Amino acid sequence: MTSHIIPVEEFDYVVFGGTGDLAERKLIPSLYHRLEDGQIVGSSRIIGAARSRMSSGEYREFAEKALNEHVGSEKLDPAVVEDFLSRLHYAAVDAKSQDGWDDLKALLGDVGRVRAYYLAVSPAIFGDIADRLNENGLIRENSRLVIEKPIGRDLQSARDLNEEVGRHFREDQIFRIDHYLGKETVQNLLALRFANTLYEPVWNAAHIDHVQITVAETLGVEGRGNYYDKSGAIRDMVQNHLLQLLCLVAMEPPSSSDANAVRDEKLKVLRALRPINSANVGDFTVRGQYTAGAANGAAVPAYLDEVDDKQSDTETFVAIKAEIENWRWAGVPFYMRTGKRLATRMSEIVIQFKPVPHSIFDEDAGKLASNQLVLRLQPDEGVQQIIMIKDPGPGGMRLRQVALDMSFQESFGAKSPDAYERLLLDVIRGNQTLFMRRDEVEAAWKWIEPIISAWGETSQTVRKYTAGSWGPAASVALIERDGRTWVDDLN
Ligand code: NAP
């Protein structure tokens with residue numbers, strides 16, 4: 001079964017940081033795939049921009065190499081590659097000076113099509129680029145700005161960054177990417193909840209026992225230890241990805257799928273999170289750091305061997321018990337955990353329903369397990385509804401747990417597109433539903449910042465865990481204290 005492809009209008013995509021890692025690994029391959037599927041039409045162009053001096057021809061060579069490496073040469077269609085490369089251009093510009101901006105302006109010309117500026121650069125120069133775009137008269141009614149995490153490292157720096165770009169771009173022109181929101185499963189969460197009658201009546205504290213959100217990586221800091229050391233798991237993963245997932249699970253039904261209707265509801269969830277501060281941080285959070293161990297069958301070093309600061313207490317793992325103080329979720333904990341160098345690469349949301357109020361079956365039938373809805377984001381996107389059935393056959397009434405399993409790849413015969421593919425074109429469509437609004441980002445920091453401060457104030461120690469495990473023992477204790485367990489791997 002193939003998906004329905006709707007082309008987007010003609011555009012010019014200017015990728016600042018067009019020679020960087022994000023452009024090479026994600027943006028160039030994603031745009032290639034969209035062209036291959038017929039979504040990019042007319043004379044749409046992609047313009048790489050960075051300080052390095054190179055011609056458009058050299059930039060095409062760079063992009064072709066990126067496609068060979070990250071799409072795979074055997075999967076490339078030569079005719080599509082040729083078409084793709086012919087759409088590529090390059091402008092050497094420096095965000096910090098006037099160097100090269102006249103060339104970029106000349107290249108863009110006076111074409112009236114949608115223009116998207118993707119800032120695949122350090123946030124330290126977001127403001128400079130916005131200023132230069134403004135000074136050079138490159139911002140028009142239908143211009144858009146795309147920015148990536150990290151949006152700040154605390155509330156004040158997030159506000160400052162939002163101010164810097166907000167000076168020249170209206171909020172409805174700013175697209176703050178959280179690529180988790182572009183995943184099929186995440187969008188399917190909206191479909192499951194709001195396109196079916198089945199779930200919404202039981203989507204509340206009366207029927208749901210708790211929710212687990214896990215984003216587990218087997219990778220470590222991969223040579224970027226000193227960069228990572230300044231942020232840690234709570235800033236890198238929880239403030240954005242995990243809280244965004246929590247919001248989509250917990251929000252009230254919006255009145256429409258309009259971007260602001262959805263984002264208004266997510267904001268209410270963030271504002272309803274019970275504060276965690278020095279009075280309760282020890283009960284609600286666990287921070288960890290990996291020691292030497294194994295990953296994918298090979299020995300790997302400790303975090304402290306990968307950073308310069310040998311005393312660093314930056315967390316590579318965090319588990320948090322969050323509570324949402326409203327009628328729908330009173331008494332329903334949302335357990336979140338994320339970490340590097342964990343046992344498996346896996347991201348999923350588990351909705352754990354309450355047990356049946358009374359069992360009519362005798363002991364021989366076996367233990368009744370509660371229903372679970374599992375939304376898997378990676379590695380294999382899909383949804384599983386775990387239910388109890390009668391074990392088939394004549395052996396009497398024996399019960400067993402089975403998964404109604406819908407792997408998107410198996411069911412639809414196609415690999416889910418990379419999240420960036422969807423999001424890059426949503427920018428052109430002007431659809432902000434899957435992007436974070438300024439007040440959401442700031443509300444998330446308002447909840448996260450006191451946790452980070454409380455760790456310092458209470459000297460909460462970073463618990464060590466062996467690389468290749470499921471994190472520190474204290475993370476297990478965090479949930480088992482409540483009589484519950486982490487669902488480690490249902491695959
Ligand atoms: P990177 O590999 O270091 O690339 C940075 C890019 O910015 C290069 O193209 C660089 O080219 C350009 N640049 C630097 N200073 C400039 C200036 N003054 N004017 C114009 N261009 C300049 O970084 P990255 O990994 O792609 O990450 C870019 C941003 O995306 C970062 O904020 C990062 O946190 C975020 N991000 C990255 C990923 C990822 O997977 N890599 C994922 C999520 C978020 P020149 O040196 O030639 O100027």
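Visitor: In which loop is Pro-379 found?
Guide: In this predicted model, a cis peptide bond joins Gln-378 and Pro-379, with omega about 10°. The strand β14 covers 372-378 and the strand β15 covers 382-390, and Pro-379 is found in the loop between β14 and β15.

Visitor: Which residue is joined to Pro-150 by a cis peptide bond?
Guide: Pro-150 is found in the loop between β5 (143-147) and α6 (155-166). Omega is about 0° for the cis peptide bond there, and the residue that this bond joins to Pro-150 is Lys-149.

Visitor: Is Arg-341, with its positive phi, buried or exposed?
Guide: Arg-341 is found in the loop between β12 (334-339) and β13 (346-353), and its phi is near 55°, a positive value in a residue other than glycine. Buried means under 20% relative accessible area. Because the relative accessibility of Arg-341 is 8%, Arg-341 counts as buried.

Visitor: And is Ser-459 buried or exposed?
Guide: Ser-459 has a positive phi of about 50° although it is not a glycine, and its place is in the loop between α14 (438-457) and β18 (463-466). The cut-off for the exposed class is over 50%. With a relative accessible area of 55%, Ser-459 is therefore exposed.

Visitor: What share of the area that the ligand exposes when taken alone does the protein bury?
Guide: An oxygen atom of the ligand is 2.5 Å from an N or O atom in the side chain of Arg-25, while a nitrogen atom of the ligand is 3.0 Å from an N or O atom in the side chain of Asp-94. The backbone of Ala-95 also takes part, one of its N or O atoms lying 2.9 Å from a nitrogen atom of the ligand. Taken alone the ligand exposes 890 Å², and the share of this area that the protein buries is 78%.

Visitor: Which helix gives the largest share of the shell around the ligand?
Guide: The ligand is surrounded by 22 residues, and the closest are Thr-19, Asp-21, Arg-25, Arg-51 and Ser-52. By class, this shell has ten nonpolar, five polar and seven charged residues. The largest share, three residues, comes from the helix that spans residues 21-36, namely α1.

Visitor: By about how much of the helix are Asp-21 and Arg-25 separated?
Guide: Side chains of opposite charge can pair when their charged atoms come close. The side chains of Asp-21 and Arg-25 meet in a salt bridge, at 3.1 Å from N to O; Asp-21 is partly exposed at 39% relative accessible area, and Arg-25 counts as partly exposed at 40%. Because these two residues are four residues apart in helix α1, their separation is about one helical turn.

Visitor: How far apart are the closest N and O atoms in the salt bridge between Asp-426 and Arg-429?
Guide: Asp-426 and Arg-429 are three residues apart in helix α13 (residues 419-429), so they are separated by about one helical turn. Asp-426 counts as buried at 1% relative accessibility, whereas Arg-429 is partly exposed with a relative accessible area of 40%. The salt bridge that Asp-426 forms with Arg-429 has its closest N and O atoms at 2.6 Å.

Visitor: How many salt bridges does a search of the whole structure find?
Guide: Salt bridges in this model include a network that links Glu-10, Asp-12, Arg-45 and Arg-113. They also include the pair of Arg-193 and Glu-200. For the whole structure, the number of salt bridges found by the search is 36.

Methods: Residues numbered from 1 in each chain as written. Predicted model: local features only at pLDDT ≥ 70, side-chain atom pairs only at ≥ 80, totals over all residues. Heavy atoms only, no water. Near = heavy atom within 4 Å. Polar contact = N/O pair within 3.5 Å; in protein donor to acceptor, adjacent residues only side chain to side chain. Areas by Shrake-Rupley, 256 points an atom, 1.4 Å probe, with all protein chains shown as cover. Nonpolar A, V, L, I, M, F, W, Y, C, P; charged D, E, K, R; others polar. Salt bridge = Lys/Arg side-chain N within 4 Å of Asp/Glu carboxyl O. Buried < 20%, exposed > 50% of the residue type's maximum accessible area, 1.4 Å probe, protein only.
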